[in-house]
Amino acid sequence: MPHDIEMDPKGRILVAETNQIRRLELVDDQIVSDEVIIGNLPHKDSLHPLSNFVQLPDNSLLINFGSRTDQCERHITDGKCNELDENGLWQYSYKNSTDSYSATGRQIANGLRNSMALVAHSSGVILQAENSSDVKDADEPYEEINIIREDGFYGWPYCLNEMFDQGKIKNGCHVKNYHPPYTLLPPHVAPLDMLYSQSSKIPALNNRLLMSWHGYRVVGNRLVAYDINHNGLPVLTDKAWFNRDPIAPSTEWTRHPFAPQGGMSKQAQHIEIITNWNQVDNLRPEGAPVGLVMLMDETLLIVDDKNKAILRLAAGESYISEEPITGDDNIEAEAMATILDKHPNLKTTLIEHCASCHEDIAKSPEKLLNNTSGWLKSTDGVMNIELALFNPVRPMPPSSTLSKEQKQQLINSIKSIFE
């Protein structure tokens with residue numbers, strides 16, 4: 001389950017996997033060396049098992065250890081979240097004499113739920129974009145951009161937004177070494193990657209901080225940029241706003257001011273580079289950006305995991321397809337809705353345990369429940385939904401609200417209908 005891939009100063013490839021960092025060396029397009037340089041990264045029984053890293057000026061690696069839970073709901077004892085000594089950002093030092101990394105890391109910062117977007121500026125500033133707690137409220141909490149300082153505490157799970165106390169401990173927003181966010185991001189945008197970009201060919205990307213928003217809520221699914229100062233920090237403004245799409249996005253998008261619970265002292269305005277990433281007939285399917293990389297020709301590659309695609313953003317002409325582009329679902333919405341209505345127990349289970357993250361289950365079930373590219377697609381007789389439910393690293397649903405027996409009953413009921 002790789003998330004990040006970068007080149008080290010010697011031109012070798014570093015790959016972050018769930019439990020390790022690998023280093024590969026290529027000569028004439030052939031792999032001549034493939035080694036694990038950092039192993040035994042925590043990932044089991046974790047809600048956020050993916051690893052991510054950023055290279056620091058001294059060649060050490062700063063690695064994300066995601067939280068086991070959403071709000072530390074199972075690990076608070078004696079007024080403390082027991083996960084705080086385990087997750088956050090950990091530094092693994094580099095030894096030039098042996099061209100190797102330390103076997104164990106040291107924690108640099110905690111109070112970070114999941115740091116899937118990290119970037120280091122040439123000035124020495126390290127920025128982290130926080131995936132905050134995933135509560136049901138679509139308007140809260142906001143995500144964050146944090147400046148990482150050694151021994152800093154960044155709020156999770158006691159204090160979200162800037163000063164939004166969660167009531168888990170007394171004075172949760174006044175914990176020792178607490179650093180409020182440099183600025184907030186809109187709620188639930190799920191930042192999964194960011195980079196500093198230079199592109200003379202695409203002026204909208206030149207000398208800016210780029211960020212992918214993967215969120216499934218009404219402010220996600222877009223690529224944004226920030227104007228930055230000489231330290232690589234997003235430029236602050238008096239007021240910031242964000243766009244929300246309707247559900248489904250078929251009418252006008254609406255503009256909303258930042259209004260987080262707990263207040264907000266500093267704001268930075270993003271610039272939407274790719275927005276309204278909803279399905280448009282004869283143009284595109286719905287998309288969801290993840291990884292970003294700037295190519296040597298100053299164009300941008302974007303990983304779109306909703307469509308299992310790599311997109312290239314470059315100067316060019318608009319494209320209009322001669323054929324309708326509606327995705328590769330092969331079950332019509334009306335037919336799928338009828339099937340679910342005839343099996344109320346199945347419908348109730350899917351909506352109660354899956355729709356909070358996969359809202360298409362409720363509004364457009366055919367987008368997920370189809371056997372071409374969706375949950376019903378089988379490989380060697382095993383459906384995608386079964387693989388997800390019984391995934392040994394991150395089983396669905398992540399809240400663990402379904403027992404093993406209930407998951408099997410769910411699979412059996414689906415198979416009896418659709419096989």
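**Disulfides and backbone**

Modeller: A search of the whole structure, a predicted model, finds 2 disulfides.

Biologist: Which handedness does the disulfide of Cys-72 and Cys-81 have?

Modeller: Cys-72 and Cys-81 are joined with an S to S distance of 2.1 Å. Both Cys-72 and Cys-81 are buried. The torsion about their S-S bond is about 100°, so the disulfide is right-handed.

Biologist: How many residues apart in sequence are the parts that Cys-159 and Cys-173 tie together?

Modeller: The disulfide from Cys-159 to Cys-173 has S to S 2.1 Å. Its torsion about the S-S bond is 95°, and the link is right-handed. Cys-159 lies in strand S17 (residues 159-160) and Cys-173 in the loop between strand S18 (164-165) and strand S19 (183-187), so the parts tied together are 14 residues apart in sequence.

Biologist: Is Cys-173 buried or exposed?

Modeller: Buried means under 20% relative accessible area. Cys-173 has 5% relative accessibility, so Cys-173 counts as buried.

Biologist: Which peptide bond is cis with omega near -5°?

Modeller: Most peptide bonds are trans. A cis bond joins Glu-140 and Pro-141, but there omega is about -10°. Pro-157 lies in the loop between strand S16 (152-153) and S17. The cis bond with omega near -5° runs from Trp-156 to Pro-157.

Biologist: Is Asp-78 buried or exposed?

Modeller: Asp-78 is not a glycine, but has a positive phi of about 50°. Asp-78 sits in the loop between strand S7 (76-77) and strand S8 (80-81). The cut-off for exposed is over 50% relative accessible area. Asp-78 has 83%, so Asp-78 is exposed.

Biologist: What is the relative accessible area of His-188?

Modeller: His-188 has a positive phi near 60°. His-188 is placed in the loop between S19 and strand S20 (191-197). His-188 is buried, with a relative accessible area of 5%.

Key:
Residues are numbered from 1 along each chain as its sequence is written. This is a predicted model: local features need pLDDT of at least 70, side-chain atom pairs count only at pLDDT 80 or more; totals for chains, interfaces and linings use all residues. Side-chain values use heavy atoms; hydrogens and water are left out. A disulfide is a pair of cysteine sulfur atoms within 2.5 Å. Buried means under 20% relative accessible area, exposed over 50%, partly exposed in between (1.4 Å probe, protein chains only). Helices (H or I, at least four residues) and strands (E, at least two) are DSSP runs, numbered from the N terminus.
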